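Colleague: I'm new to this one, so could you walk me through a helix pair and then a strand?

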Amino acid sequence: HFNIPVLNLVSEKNNKKINKENQEEISIYNPFIFLRSTKLIFHLIIWYIPAFLFCLIDLVFKKGFMPFLLCESIKAKLFELNKIGSNIDYAFFNNSEYIYRPLWTYLAEQGNVNVIFYFYSTNNFQLSFSKNKDSKYNFQYGWDIITWNKFLVWNKYQKKFIKLLQAHADIKIVGYIPFSDSTIKKNFSYAKGKKNISFFDEPPFRDSFSQILGYTNDYESPEISIEMIKNLLDISKKLEINILFKTKRFSKRHHPKYRLFLKNIKNKNFNIVDSEVSPIHLIKSSIATVSSPFASTSVISKNLGIPSCYFDPTGSLIANDIESNGIIIIKSKQELFNWTKKLLT
């Protein structure tokens with residue numbers, strides 16, 4: 001999408017190169033560690049000694065910020081000494097760590113390396129409620145201080161979101177960007193064409209972990225999540241449809257009340273799909289997709305031409321087109337029933 005002439009890439013996690021001719025992926029062990037000659041090691045030592053002393057002085061006598069940047073500064077110096085930029089055409093970063101931008105990427109851009117930020121999801125806002133109508137955009141923490149310059153986005157709504165942050169950013173709309181996939185088909189045998197509705201939740205965390213994350217509301221609680229599923233169970237029974245339910249992989253951080261509720265569901269119309277199964281498989285096997293606000297799965301479904309919505313059983317959420325990606329928000333059980341029934345006629 002950026003007219004890539006040669007696939008010579010580095011990712012922020014695994015530092016991988018891809019061979020264009022045979023498409024084989026070759027893992028490279030952290031290219032920032034090794035220096036190519038004794039001379040370069042000597043240059044690094046000469047640079048490091050005063051850098052360390054400055055950090056020590058700052059820690060003892062000043063505000064103490066410099067030591068936190070020492071590790072990043074070392075990586076940037078290694079990048080500069082090794083002239084790694086001459087071997088890289090593109091460096092890709094995603095929204096899992098959108099605030100953190102490595103110092104070496106600024107040097108890379110100066111050396112004409114394309115540093116590109118891409119999205120593997122579209123859920124970049126805190127939830128807004130009717131009582132907070134004065135807040136036009138409710139960004140997640142830190143988006144207003146990002147310094148990335150080039151972006152790959154899913155749609156016009158995400159582009160508009162970035163334009164609010166970086167007016168002069170270079171943005172390319174490329175559609176849904178698959179982040180990972182799985183060939184696992186465990187517990188997945190639902191033929192396309194049946195009356196299947198995919199449902200994707202946002203599993204609630206324990207109260208203690210929600211506080212650590214700094215949540216400003218209690219919307220993502222086990223009570224509301226359970227209410228969503230109870231409504232879907234009732235609708236599935238009345239309309240004789242199958243619910244294909246996929247949640248994220250559970251951990252100790254997730255709320256035990258919600259996990260216990262799911263474990264005790266006994267309903268032939270409610271099918272819990274293995275968390276390793278790709279959501280694409282579910283969506284393509286369904287006539288529609290329902291998601292908790294504002295999961296990316298409804299956006300994927302819309303991109304595939306399959307009807308989708310967000311379900312808010314409380315009726316309290318508000319959202320503009322950027323936050324909802326132009327997808328309808330259904331705010332009651334009856335409204336969801338009517339929406340689903342219309343799909344079946």
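**A helix pair and a strand**

Modeller: H6 and H7 are roughly parallel to each other, a term for angles under 35 degrees. This is a predicted model, in which local features need pLDDT of at least 70, side-chain atom pairs count only at pLDDT 80 or more, and totals for chains, interfaces and linings use all residues. Residues are numbered from 1 along each chain as its sequence is written, and side-chain values use heavy atoms, with hydrogens and water left out.

Colleague: At roughly what angle do the axes of H6 and H7 cross?

Modeller: The axes of helix H6 (residues 222-239) and helix H7 (residues 256-263) cross at roughly 20° and come within 9 Å.

Colleague: And which residues in H6 and H7 meet?

Modeller: From H6, Pro222, Glu223, Ser225, Ile226, Ile229 and Lys230 meet Lys257, Tyr258, Phe261 and Leu262 of H7, where contact means heavy atoms within 4.5 Å. By class, this contact of H6 with H7 has six nonpolar, three charged and one polar residues.

Colleague: Switching to strand S9, is it mostly covered or exposed?

Modeller: Strand S9 (residues 196-200) is mostly covered, with five of its five residues buried, that is, under 20% relative accessible area with a 1.4 Å probe, counting protein chains only.

Colleague: Which of them point which way from S9?

Modeller: Asn196, Ser198 and Phe200 point one way, while Ile197 and Phe199 point the other way.

Colleague: What does S9 pair with?

Modeller: S9 pairs in the parallel sense with strand S10 (residues 242-246) over five bridges, where pairing requires at least two bridges found by DSSP, and Phe200 has Lys246 as its bridge partner in S10. S9 also pairs in the parallel sense with strand S12 (residues 288-291), over four bridges, and there Ala288 is the bridge partner of Ile197.

Conventions:
Axes are lines fitted to C-alpha atoms, for helices over the stretch in contact, and angles run from 0 to 180 degrees between N-to-C directions. Helices (H or I, at least four residues) and strands (E, at least two) are DSSP runs, numbered from the N terminus. Angles under 35 degrees count as roughly parallel, over 145 as roughly antiparallel, 65 to 115 as roughly perpendicular and the rest as oblique. Ala, Val, Leu, Ile, Met, Phe, Trp, Tyr, Cys and Pro count as nonpolar, Asp, Glu, Lys and Arg as charged, and the others, Gly among them, as polar. Buried means under 20% relative accessible area, exposed over 50%, partly exposed in between (1.4 Å probe, protein chains only).
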